[in-house]
Amino acid sequence: LISDLDRGIKNKEFKIVIQPVYRIKDNIMVSGEVLVRWQHPTLGLLMPGKFVPTFEKNYVINQLDKYVWEEACILIRRMMDTMDIVIPLSINVSRVDLLLEDVVKVLEDLVNKYDIPHKYLRIEITESAYMDSPQKLIDTIVALKDKGFIILMDDFGAGYSSLNTLMDLSFDVLKIDKKLIDEI
């Protein structure tokens with residue numbers, strides 16, 4: 001899979017899908033989360049669980065993430081150009097992205113390239129990223145928020161959850177993992 005990554009990106013084998021987020025009180029779609037699928041030429045349709053962990057473990061997930069982020073920006077721009085209503089889309093930023101990329105610059109360059117208001121591209125960061133490099137994550141979140149991005153903490157309660165994490169980080173939205181709800 002790793003050896004197929006570059007070709008997959010070049011040939012646009014990775015497809016984004018949008019998981020809708022609804023406001024329960026009136027059942028209106030208010031945003032969406034960008035997810036990725038891989039239409040592999042020999043292995044067929046692959047769900048992220050088949051390739052994302054391998055890419056993360058081998059520190060190449062940032063290549064796919066940058067591709068997905070750009071595809072999300074293209075979709076937002078298309079909505080802005082053709083629709084009366086534009087829904088914000090959230091993208092995932094992995095712990096590897098935080099280690100290998102200047103995430104703030106990459107995302108800022110993308111919204112500028114496609115002339116997208118920051119409010120339409122939301123940034124999801126998993127709590128596990130905090131465990132790897134707390135100060136780097138804090139600095140990145142502050143810089144992203146200063147630029148006008150909305151920040152979501154994804155999967156809170158999936159692993160080493162701590163209320164201290166919530167005190168240290170300035171998230172706009174907290175997404176609680178189902179495992180935590182099940183335990184409660």
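How many bridges join β1 to β2, and do they run parallel or antiparallel? The views below, taken from a predicted model, begin with that pair.

**View 1. The β1–β2 hairpin.** β1 and β2 run antiparallel and are joined by 10 bridges. Tyrosine 22 has methionine 29 of β2 as its bridge partner. Four residues lie between the two strands of this hairpin, and in the turn asparagine 27 has a positive phi of about 55°.

View 2. Three bridges link β2 to β3 in the antiparallel sense, with tryptophan 38 opposite leucine 46 of β3. These two strands also form a hairpin, with three residues between them. With strand β4 (residues 89-93), β2 pairs in the parallel sense over two bridges; here glycine 32 stands opposite leucine 89.

**View 3. The two sides of helix α2.** In α2 (residues 48-57), the buried residues are Phe51, Val52 and Phe55. They lie on the same side of the helix because they cover an arc of only 100° around its axis. Gly49, Lys50 and Lys57, on the other side of α2, are exposed. The cover over the buried residues includes α1 (5-10), β1 (14-23), β2 (28-40), β3 (44-46) and α3 (61-82). Just after α2, tyrosine 59 takes a positive phi of about 55°.

**View 4. The whole protein.** Nine helices and seven strands are present. Of the 184 residues, 42% are buried. The protein exposes about 10100 Å², and carbon and sulfur atoms supply 54% of that area. Among contacts with a separation of 6 or more, 63% involve residues 24 or more positions apart.

Key. Residues numbered from 1 in each chain as written. Predicted model: local features only at pLDDT ≥ 70, side-chain atom pairs only at ≥ 80, totals over all residues. Heavy atoms only, no water. Buried < 20%, exposed > 50% of the residue type's maximum accessible area, 1.4 Å probe, protein only. Arc of directions from axis to C-beta. Contact = heavy atoms within 4.5 Å. Areas by Shrake-Rupley, 256 points an atom, 1.4 Å probe, with all protein chains shown as cover. Pairing = 2+ DSSP bridges.
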